[in-house]
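Here's a quick briefing to read alongside the model. Take a look at the fold, then work through the points below.

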Amino acid sequence: MLDVKVHSELRVPRHRRCHRHLPAKMATSIREKQTAALRRMLNFNVPPLKNTVTEPVWKVLIYDRFGQDIISPLLAVKELRDMGITLHLLLHSDRDSIPDVPAIYFVMPTEENIDRICQDLRNQLYESYYLNFISAISRSKLEDIASAALGANAVTQVTKVFDQYLNFITLEDDMFVLCNQNKELISYHAINKPDIMDTDMEAIMDTIVDSLFCFFVTLGAVPIIRCPRGNAAEMVAVKLDKKLRENLRDARNSLFTGDTMGAGQFSFQRPLIVLADRNLDLATPLHHSWTYQALIHDVLDFHLNRVTLEEGAGSEALPAGARPKKKNKRIYDLTAADKFWQKHKGSPFPEVAESVQQELDTYRAQEDEVKRLKSIMGLEGEDEGAISMLSDNTAKLTSAVSSLPELLEKKRLIDLHTNVATAVLDHIKTRKLDLYFEYEEKLMSKSTLDKSLLDIISDPDAGTPEDKIRLFLIFYITSQQPPSEADLDQYKKALMDAGCDLSPLSYIKQWKAFTKMAATPANYGNSGVKPMGLFSMVMNTGSQFVMEGVKNLVLKQHNLPVTRILDNLMDMKSNPETDDYRYFDPKMLRGSESSIPRNKNPFQEAIVFVVGGGNYIEYQNLVDYAKAKQGKRVLYGCSELFNAAQFVKQLSQLGQK
């Protein structure tokens with residue numbers, strides 16, 4: 001057994017990430033805060049100095065898949081390079097020794113990662129080692145590293161060991177998800193398995209709470225916690241309250257001290273976290289959406305803010321026996337710096353198509369202007385250098401040319417959105433997604449239906465088998481009275497004829513029978529969709545987007561169940577739906593079992609966290625809700641982010657049990 005002396009010999013103080021040195025301009029959004037924490041870590045855990053011209057220290061970054069997923073949505077390769085990261089490598093890849101370079105590690109404190117770090121120390125791969133653990137490392141694992149360092153005579157090289165508390169992934173200024181690796185371990189399926197053991201459930205809850213704890217350490221605020229009774233969300237709430245309480249009680253090591261307690265803009269007020277359970281609303285994750293970001297997630301391969309498009313290899317017939325051409329993949333990052341994306345990710349799709357077209361027309365006009373000026377001056381083939389040396393009367397031209405880099409960046413973004421939107425449009429047209437969206441909105445808002453469900457299921461041209469089962473499940477979930485056995489058989493036959501797998505339905509039937517005893521069906525508000533007539537501008541023949549036959553549907557603002565619950569709790573409204581929600585305040589000395597809030601003021605900042613998985617439709621609904629409420633900030637988080645196809649797959653696994 002290693003005694004603690006090793007630790008003192010190793011002289012590796014274990015640092016908790018200190019949040020007190022945030023730059024003067026307070027980082028407000030969770031994206032800014034997590035990015036600032038990563039930049040500090042990559043600068044050897046000291047805040048990077050602004051406006052210094054010094055060369056950065058060259059270093060290598062070693063991460064595991066978890067670390068990679070946290071960094072990639074926030075820092076591009078170019079930004080890493082600007083901070084002196086010459087190489088970034090996976091921990092478990094074959095790495096050559098680079099003896100004169102410091103290495104920054106950013107990994108989870110797992111058994112196999114620690115073993116590999118010890119191996120690196122023994123092999124003397126780098127000049128010095130800065131070990132950053134995504135989540136807090138246990139004492140015993142720390143001692144393993146200490147003994148390996150002693151054995152390898154590398155004690156002085158292990159410069160610092162840090163617990164970073166960054167175990168969550170930020171995707172937007174106001175959205176985060178717990179993990180991408182191993183997400184099946186905390187999925188809806190994992191939590192709702194009928195044969196789950198108590199120990200497994202404990203482990204899932206601990207994983208979720210560990211990440212939420214990291215989130216609040218990074219946010220720098222201790223929340224008020226509200227949750228419903230009797231489900232996974234309540235288990236998370238109890239554990240999170242306990243973990244925050246224990247940390248606050250340990251004053252010497254508390255992560256919530258000093259200046260960081262100002263939670264963003266409203267330093268005198270703490271945020272509210274509403275823990276919701278996915279079972280509260282199973283229709284929304286199956287819903288066909290109509291806004292840009294949610295559609296991309298639904299029909300394309302989109303994750304961690306990156307879209308992968310397969311380029312069709314052309315449909316021309318190949319000669320007999322020829323190998324089919326390999327499909328090229330194109331990868332696009334949809335980032336915070338992309339103004340078009342930031343403006344339109346929540347817009348209805350027809351509006352997006354129209355805006356892309358407008359951007360394209362403006363760009364072409366600017367490009368023509370540069371060409372025109374060049375030709376007037378007889379500089380057709382000259383390089384830019386020659387142009388800038390000309391006399392003053394060319395000022396107009398040089399200004400046009402100096403905007404070339406901007407123009408090129410603009411062109412890159414226009415191309416990106418043209419390609420992505422075209423790919424989405426193909427899906428809308430071939431699967432009649434506008435029809436599905438409109439019909440489901442009517443089901444969810446209990447409006448009158450203009451055609452029968454059976455007709456849509458039986459129409460071979462409308463949608464894939466998956467579209468049909470999604471539509472039917474929404475019908476089944478939202479119906480006040482489940483269909484009679486005879487009707488159900490008729491629907492089932494039509495679904496099977498259309499090639500649908502019915503196992504999700506058998507799970508939803510059990511779920512509905514169970515929730516019927518527990519509660520009333522969720523109310524989806526009176527959404528209503530109004531067609532706006534056909535597309536004005538996009539219908540011009542010169543447009544990139546051929547929108548014929550696609551309805552121009554516009555959304556009316558309505559609150560989904562999650563948003564409605566948040567609204568009640570944020571504004572302290574009395575409502576039977578939320579009146580018996582439990583209330584936890586980790587700062588109160590004794591935990592009270594009451595659901596009676598001590599604080600009667602409405603909240604300005606809130607986080608909605610869905611245990612069991614979330615989606616972009618709910619996220620967008622909350623964003624729209626917050627926009628309408630002056631001065632309120634709402635964040636959306638979920639244990640995993642799935643699209644409808646992934647959710648149907650989980651339901652089908654549950655239905656086969």
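Which residues in α16 meet which residues in α18? On the α16 side they are Leu433, Tyr436, Tyr439, Glu440, Leu443 and Met444, and they meet Asp467, Lys468, Arg470, Leu471, Ile474, Phe475 and Thr478 of α18; contact here means heavy atoms within 4.5 Å.

Keep in mind that this is a predicted model, where local features need pLDDT of at least 70 and side-chain atom pairs count only at pLDDT 80 or more, while totals for chains, interfaces and linings use all residues. Residues are numbered from 1 along each chain as its sequence is written, and side-chain values use heavy atoms, with hydrogens and water left out.

**The α16 and α18 pair**
- Helix α16 (residues 433–444) packs against helix α18 (residues 465–478) at an angle of about 10°, and their axes are 9 Å apart.
- That makes α16 roughly parallel to α18 (angles under 35 degrees count as roughly parallel, over 145 as roughly antiparallel, 65 to 115 as roughly perpendicular and the rest as oblique).
- The residues of this contact split into eight nonpolar, one polar and four charged (Ala, Val, Leu, Ile, Met, Phe, Trp, Tyr, Cys and Pro count as nonpolar, Asp, Glu, Lys and Arg as charged, and the others, Gly among them, as polar).
- Axes are lines fitted to C-alpha atoms, for helices over the stretch in contact, and angles run from 0 to 180 degrees between N-to-C directions.
- Helices (H or I, at least four residues) and strands (E, at least two) are DSSP runs, numbered from the N terminus.

**The seven-stranded sheet**
- Seven strands form an open sheet in the order β7-β8-β18-β17-β10-β9-β16, with mixed pairing (two strands pair if DSSP finds at least two bridges between them).
- β7 (169–172) and β16 stand at the edges with a single partner strand each, so one side of each is left without a neighbour in the sheet.
- On average, neighbouring strands of this sheet are turned by 20° against each other, direction ignored.
- β18 (residues 633–638) is mostly covered, with five of its six residues buried (buried means under 20% relative accessible area, exposed over 50%, partly exposed in between, with a 1.4 Å probe and protein chains only).
- Strand β8 (residues 175–177) runs parallel to β18 and is joined to it by three bridges; phenylalanine 176 has glycine 637 of β18 as its bridge partner.
- β17 (residues 605–611) also runs parallel to β18, with six bridges joining the two, and alanine 606 stands opposite valine 634 in β18.
- β9 (residues 224–227) and β10 (residues 272–277) pair in the parallel sense over three bridges, with isoleucine 224 opposite leucine 272 in β10.

- Helix α22 (residues 616–628) lies across β7, β8, β17 and β18, running at about 170° to β18.
- The 12 residues of helix α23 (residues 644–655) should span 16 Å, and its end C-alpha atoms are 16 Å apart, which agrees (the expected span is 1.5 Å times one less than the number of residues).
- Buried residues in α23 include Phe647, Val648, Leu651 and Leu654.

**Positive phi**
- Most residues other than glycine have a negative phi.
- Asparagine 153 has a positive phi of about 60°; it is found in the loop between α6 (139–151) and β6 (158–163) and is exposed, with a relative accessible area of 64%.
- Methionine 572 has a phi near 55°; it is found in the loop between α21 (561–570) and β16 (582–584) and is partly exposed, at a relative accessible area of 22%.
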